[in-house]
Each structure stands twice: as C-alpha cells, then as structure tokens.
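Please open the model in your viewer and keep the selection panel at hand. The stops below each begin with something to select.

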Amino acid sequence: MITKALVDTYLSSCKDRVVVIDLDGTLFDTSRRFAVCMQESGGKKSAFWRCFQSKRYMHLDKLNNDVAEYVRRKYSEGHCKVIDTG
C-alpha cells in the first residue's frame with residue numbers, strides 16, 4: 001500500500017528533481033482506445049468511461065516513444081519518476 005509517508009520519503013530523496021508524467025494521452029497514445037470506446041458507448045458518458053477504464057481495449061494503446069525517451073533521459077540524469085493517471 002502506498003501511503004503519504006512513503007511518498008514523502010521517496011520525494012524527499014529526489015532533491016527537487018522529479019519528473020511527473022501522465023499515462024493516458026501523454027506516455028501512451030490512447031486515441032484508438034478512445035475511438036473504439038466512443039463508438040461502443042454510443043456517446044453515453046458513463047458507458048464510455050467504463051469501457052475506456054477497463055482492460056478490454058488497452059492493447060490498442062501505443063507507447064509515445066518521444067515521451068518515454070525523455071523520461072528515461074531525465075531518470076539517467078538523477079531525476080525521480082512519478083507516473084500519474086486519473
């Protein structure tokens with residue numbers, strides 16, 4: 001379980017060198033999953049989000065290589081990675 005204390009300890013070790021990156025639409029191109037779920041849901045918001053947040057179509061997502069390389073480079077320079085979604 002991730003606790004606030006654990007996060008605080010991790011971040012304090014980073015010495016103000018943190019890269020925060022979002023998953024959907026940043027680290028991953030989710031446009032194909034978005035389109036499939038939009039079509040499947042008929043535009044109904046709750047049905048769309050159930051579809052989009054399920055694992056059913058995540059295989060359609062593609063890694064954004066430019067963003068991934070940026071994160072790798074910053075990590076190799078001593079930055080801490082924080083991946084966020086939601």
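Select N64 and D66 to begin: N64 caps the N-terminal end of α4, with a side-chain oxygen 3.2 Å from the backbone nitrogen of D66. The model is a predicted one, in which local features need pLDDT of at least 70 and side-chain atom pairs count only at pLDDT 80 or more, whereas totals for chains, interfaces and linings use all residues. Residues are numbered from 1 along each chain as its sequence is written, and side-chain values use heavy atoms, with hydrogens and water left out.

Now colour V67, A68, V71 and K74, which are buried (under 20% relative accessible area, with exposed meaning over 50% and partly exposed in between, for a 1.4 Å probe and protein chains only). Seen down the axis of α4, the buried residues fall within an arc of 130 degrees, taken from the directions from the helix axis to the C-beta atoms, so they line one face of the helix. That buried set packs against β1 (18-22), β3 (62-63) and β4 (80-84), while N65, D66 and S76, on the other side of α4, are exposed.

Finally, move to G78, which follows α4 and has a positive phi, near 105 degrees.

Terms used: Helix = DSSP H or I, 4+ residues; strand = E, 2+ residues; numbered from the N terminus. Contact = heavy atoms within 4.5 Å. Polar contact = N/O pair within 3.5 Å; in protein donor to acceptor, adjacent residues only side chain to side chain.
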